[in-house]
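Open your viewer and get ready to select residues by number and chain. We will go stop by stop.

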Amino acid sequence: MHMPAFGPFTDFELDFGSPGLQVVFGPNESGKSSSLRAFRALLYGMHRQTTDAFLHPYQKLAIRARLEHSDGSVLDLVRRKGRKDTLKSNDGETVEEAQLTRFIGNLTEEVFDRLYGLDHRTLASGGKALLAEGGKVGESLFAANVGPAFRVVREQLRKEADELWRPRGRTQALNATIGDWKDATKQTKEATLQVSKFEALQAELEEQESLAADVREELAATRARLEKLGNQKKALQSWARYKELNLELEELSDCPDLDEDFSRRREEAHDDYKQAMAELTRLKTEHSQLDQKLQSLPKEWPVLDAADAIENLYRRASRVEDLLTEIPVLEAELKHLKEQVQKSRVDLSLAEESDLFPNSSIRAEAGELATEHLELTRRRASLEENLTKLQSRLARLEAQKQELNESAEMPELQLLLQRARNGANWESRLEQLRGEYKAARNALDSGLQSLPFWSGSLDQLKSLSVPSLEAVDQFAQDLQSAQLSLQRARQERDSGVKKLEKNRAELAGMEAEGAVPSPEHLEELREARGRRFEDVIAVWDAGKTPKQSQGELAEFRGAVERADRHSDDIARNADRVARRASLLKLGDELASDLAQLETRLKETQEALDTLGQQWQQLWDSELLTVRPPQEMRRWLEQRKAVLDRQREFELVQKEGTTLDKQRQDALDGLVKALARYFPEVDLPFDNLTQTLEFLDKKLTQANEASGKRATLEQSLTETRYELDEATAKQQQVDQQLAQWQPRWEETLAHFSLHKQPTPQALRATLQDYEELQRLMQAAENAEERLNRLLTEREVFELQARELVTVLPELAEQTPVALAQHLHSRLLQAREESKKRNALQSELEEVEKVRGEARYKLQGAQERVGQLLTEAGAAAIEELPALERKVAQKRHLLQLQHEVGDSLRALSSGATLDEFCSTLASLSAEQLELELEELGQTESELDSKRNRHSQRIGELNQMLQQMDGSDRAAEAAEKAAQLMTEGVDLVAQLMRLELAEHILKIEIERYRQANEGPILKRSSHYFSQLTCGEYTELHSAFQDDSEEPVLEARSKSGRTVTVDGMSEGTRDQLYLSLRLATIEQRGEDAEPFPFIADDLLVHFDRERAMATLRVLAEFGQKNQVLLFTHLDRDRELAEELDSELAEVKCLERLAL
Amino acid sequence: MRFIHAADIHLDSPLRGLSRYEGAPEETLRGATRRAFVNLVDRAIRLKVDLLLLAGDLYDGDWPDYNTGLFFTTQMARLNQAGIPVVAICGNHDAQSKITRGLKLPSNVTMLSVDEPETVHFEKHQVAIHGQGFKTPVVWEDLTENYPQAQPGFFNIGLLHTGLEGRPGHATYAPCTLDGLKSLGYDYWALGHIHQREVLCEEPHVVYPGNLQGRHARETGSKGATLVTLVDGELETLEHLTLDVVRWERLEVDISRAQTADEVLQSLGERLQEEVASLDDRVLAARIITVGSGPAHAEFVGRREYWINEIRNLAVQIGHESIWVEKVKFKSSTAADLEELASQHDAFSSLLDGLELLSGDEDRLKAIGEDLFSELERKLPLAWKDPEAGGIAPTSIESLREALGDVGHILAVQLSQNAEQSR
């Protein structure tokens, strides 16, 4: 396997060319996993989103390989990334996947994974599966073959089936659906409204409504009477009260009429008077208190006049405090700066800076020139180094070029290769034709064998004269039509027979009911009567007297009576007679029809027979059994198919012969040409494919050499070009340096220097000089600021001294303290002035309120006087008693009015006087009695009406519910949905149950078919894998099991079952079963390498060695590729015989 | 003059074959036959038609709920208010219905006699309607034998519930021939009984309007009634009115171009988008059928329920309550998967051989079926076990065969998936 570009690999090769055990050792990151992926991708294509395109782009990915078939044939191919046609030959031609499939024995990727791939994890789960299955032989063999995952599948199937349904379950999906369906069906029934129910309810409603109307009418009349009597009863009591009120009002006739709000007015006037008096007293006290406070405050403040100056001084005081601190600091800083300047001057040996150095632009230019010089010298050094490298590379490449041999170019090779390829195509086509020939032969043979009714050979079949399909169809139609006619004729004949039988049965039935008199019989009787009459006439003619002819007369009488009786019978049974006659007539007709039908039937049968004979004659061959037309039509089609196959066969045969000749000619031609070009080669080759391979190889070698030379030439050209470029650059730098020197000297002339400095030294001196400039500027700034602060302090002190005149007692204070004291006094004076103004405003307000109180008092006194006049009283104290009397009179008048109204309301329209006189005539007891009776009647009627209303309500409600609702339909719809759901679940359940069941029976069938050979081979491998600890493996029935289980015999003779083995031993058991399975498969199918990936990780050294030995032995029949990252495994493998095992080491890849 | 000809209303007849699932538009599907009928009445009122003809089968024969009749009466009363007369006959279904017998219809509705042909005249429009309903659910006689000849000066309409000379899926009740109908000289034959809309003849017009609302997956396409316009006593136009609220469709998805089941779903999604765009506030009851041959088939059949759920989810996402996936039928076939697996010379290929043998051994399969499913069959409700009514009989050979057909795929897919997971 060669990986030009795949995953981390570039042009990397893994040679698995030898059979046996191939151990691929690679530490982590050495590309071991990538190799495995490449192996899989080679066989089954690259994944659409492969992770192996991180180094090479998708379109470059490629895996080359050579595969060898067990029949010795070889396939070279390249797998590329893509959607289709990803398999190519070495020369880029598309290779059909089928070609590869043949080489890997039709093995699918899945079976490759399950059977031929094994890593330590799968091995461990295989071991666990054996334990979980209790070592059952069937399950173990199955697990070794399809992988341990089959157990999970079986469990999943069971679990899913159990979740669907259990015979006595409720919650499972299907059980629940059945329950829901039953509910929905029940709901449908419950919601269904029966027609009869609806009609019964409507009839009852009509009846109830009629009854209720009657009761309502009766109740209304009773209530009207009850109301009238009730009114009279109530009126009797009111009337007595009315009379009493009239008397009481007469007694109060002298009382004055006062307004209703007189009392209120009187109370308000009195209250206002009292309040005004109290307010006046309170205000007087308040006025005197305020006045006292005002007197205690001073009347003027001198500091207020100088307020602005004081505030200004106070604001600046804190700033001056800060100045006092800053001034000494500044003084010290200034001193320090001056010292530094002095020192720098000494360092630069300067008395004044302008002594030595030119102006700033000259200084800058000097600095830039110094820097430019530095850059140029650095570039020159770098170019020199590069030049040396390039010269050395050029020498190396030229040496390589000298070494590379001039290999012969062979343009003719291409032509030969094309010829060989054409020939190889013929060979491949010939191979294909052989298959087609065989298939066509088989198809022809099988077609002939399966052709029915024919006992001849193919040639006889071909030369057989057969009728056309149209003729067969015509016969089929004729025969069908004749058969139909025959069938119809038979049916009609049968029907005629039945009718005749029925007719006869009916006649017989009539006879059985009693003889039917027949007109024919009557005719006979009449003829007999005539004959007797002739006898009598003859006797009389003979001259005999009637007495003498008694005998003849009696005969005649008898004949007359019989005829009359029969005639009467006919008249009496006219219906039956007519019916019989009709039946007889019908019978005759039916018999005649039947005869005709029989004739027709016979004719039809004859026609059919004739047709049958003609049909037989149509097929004139003893080798053919002639069948009915439909079958023969099919036969003709089958015959045509056989003949078609024969034609195909002949075509294949012909093409094969032609092609074989062409191939042979081509081979001969090629051999001659090759002998000319390659005299050293042992010719001729057996076939064109070998020639093609040979030529291909030669051409590849020629191409490779040519490619290498071209690459070398390209490198040489590039290197020379780079060398020239580097030299040119170096010269350019030298030139720049030469130009720099005069500019430098010209600039230095501006400096008064004793000796010529280097550019670096001058650049350093200039930097020191710039630092001195900076220091001098800082000292100057500091001095300026100090002077400004001192001036500010003096101004402040002058202003403070001017303000001492406002408060001379503070003259001794410092200017800052003075400013603070003055400010404090100013605040105090402001506070006192504000307080005095407030007190004066309050006093004015009190004075205003006192005036208002006096006005109110005067108003109250005037209102009291007016009230006394209205009531005719002398003093305000008399008024309450008078008011009470007036109120009582008013109350009585109101009562009298109300009682009068209530009487009028009860009078049913009569005037009050009329009603009073009616009341005078009534008796309370009698009224009471009548009311009681009416009340009872009303109550009965009311409850009756309620009962009807309630029922009507119920009926209406029931009918309203019958509103065309779709509840039943909805429930039916739901039931239908549930049924569909349930049916789907049943189908699902069936699939699951069947799948599980089939898995079970097929495991057993597999065991029965394979147990013997696989266990035998497993036993051998197991013994080796366990280093002889176990000597044998067999199957046995345990006491409690119905299926056989695996047992191993230890070297001490003890029998051990799977559950008695250690985990490691179980893994080895699984491995031995797997190896035996593969070995057995290899007997029927194309062998395929067994891929073991880090299989020995968990094995100790001894068992790992034993496993390697087993794999090496196994590898003799079936190649084994073991990938491992363990040094130990590599060492152990190297200990094995090199004939049996090969070790390849992968280097760690620098990714 | 305009009239609407409708038939086969089958009010309150449940929609069949729908299985509920999360997200299925249960609400929007409810009462579909009623809503379609309301659509008919609405349309008649809006178009101000002069007459409505109902050619039989208002309800299902065995449906006992009188509420259905009351609902019908309410709708007829609406037409009465709008001044639209209705002439109707009984079909095979409503002939035995107790609802028909008990119903008191508003004055605008004329139910024609079931004993003999009866003629109703609409003098204003010069229209004569002749018709006879079914007296019993099964009528084998040709009722038109007694229909009167066309009356001169009138536009003659024959109202008849008939299977004509036989139509697939419908019993041939009241059989008659097209020639027989023509011989009466009528201008329009308003037929009922066949649920598929069909204009059998244009001189005179013999029309089946189809049923008003499809009720199962075999009744696909637009459903409704026929609007007929007469000008000067001559038939001018014939127009199909779409009135259904649930549209049944069979959507076939070709799997042959897809590599995976997901890709098939993608193209199905596009198809559903198109369907949804043309729904017009209707619900689509879709039967999804996979056809063609490809690798996705094995995926579908191997995890049938999973993929059915995926398809339903897709419909929920695309349809937003407007698609109900009635059934998913995997009628596609596999490219070569099982054949390939069967040629692998391993235990699984031996299993597939066994499966093949079993499917050819009816007696053994039947015995396994009895063993596994006889108890299940006993516990299933009777109505569920009738295959004619969409049911399933678990021990029947047909059901067993169908289930067995999937087993190979189920085992192959599950084995492959579990092996992948364990790697």
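How many residues apart are Arg158(A) and Asp162(A) in helix H6 of chain A? Select both and look. They are 4 residues apart in H6 (residues 149–164), so about one helical turn separates them. Keep in mind that this is a predicted model. The two side chains form a salt bridge, with the closest N and O atoms 2.9 Å apart. Arg158(A) is partly exposed at 26% relative accessibility. Asp162(A) is partly exposed too, at 21%.

Next, select Glu1079(A) and Arg1017(A). Their salt bridge has its closest N and O atoms 2.5 Å apart. This pair links distant parts of the chain, 62 residues apart: Glu1079(A) sits in helix H26 (residues 1063–1084) and Arg1017(A) in helix H25, both of chain A. Glu1079(A) is buried, with a relative accessible area of 11%. Arg1017(A) is partly exposed at 25%.

Now pick Asp259(A) and Arg265(A). They meet in a salt bridge at 3.4 Å, N to O. Over all chains, the count is 96 salt bridges.

Select Glu520(A), Glu523(A), Glu524(A) and Glu527(A), which form a negative patch. Glu524(A) lies in helix H15 (residues 519–541) of chain A. Its relative accessibility is 48%, so Glu524(A) counts as partly exposed.

Finish inside. Select Leu21(A) and Phe1090(A): they touch the most other members of the largest nonpolar core, which has 131 residues. Helix H25 (residues 967–1025) of chain A gives this core its largest share, 20 residues. Then find a second, separate core of 46 residues, including Ala6(B) and Leu52(B).

Methods. Residues numbered from 1 in each chain as written. Chains lettered and ligands numbered in written order. Predicted model: local features only at pLDDT ≥ 70, side-chain atom pairs only at ≥ 80, totals over all residues. Heavy atoms only, no water. Core = buried A, V, L, I, M, F, W, Y, C linked by side-chain atoms within 4.5 Å. Buried < 20%, exposed > 50% of the residue type's maximum accessible area, 1.4 Å probe, protein only. Helix = DSSP H or I, 4+ residues; strand = E, 2+ residues; numbered from the N terminus. Patch = residues over 30% accessible without salt bridge, like charges linked within 9 Å, V, L, I, M, F, W, Y side chains within 5 Å. Areas by Shrake-Rupley, 256 points an atom, 1.4 Å probe, with all protein chains shown as cover. Salt bridge = Lys/Arg side-chain N within 4 Å of Asp/Glu carboxyl O. Lys, Arg positive; Asp, Glu negative; His and termini not counted. Charge placed at Lys NZ, Arg CZ, Asp CG, Glu CD.
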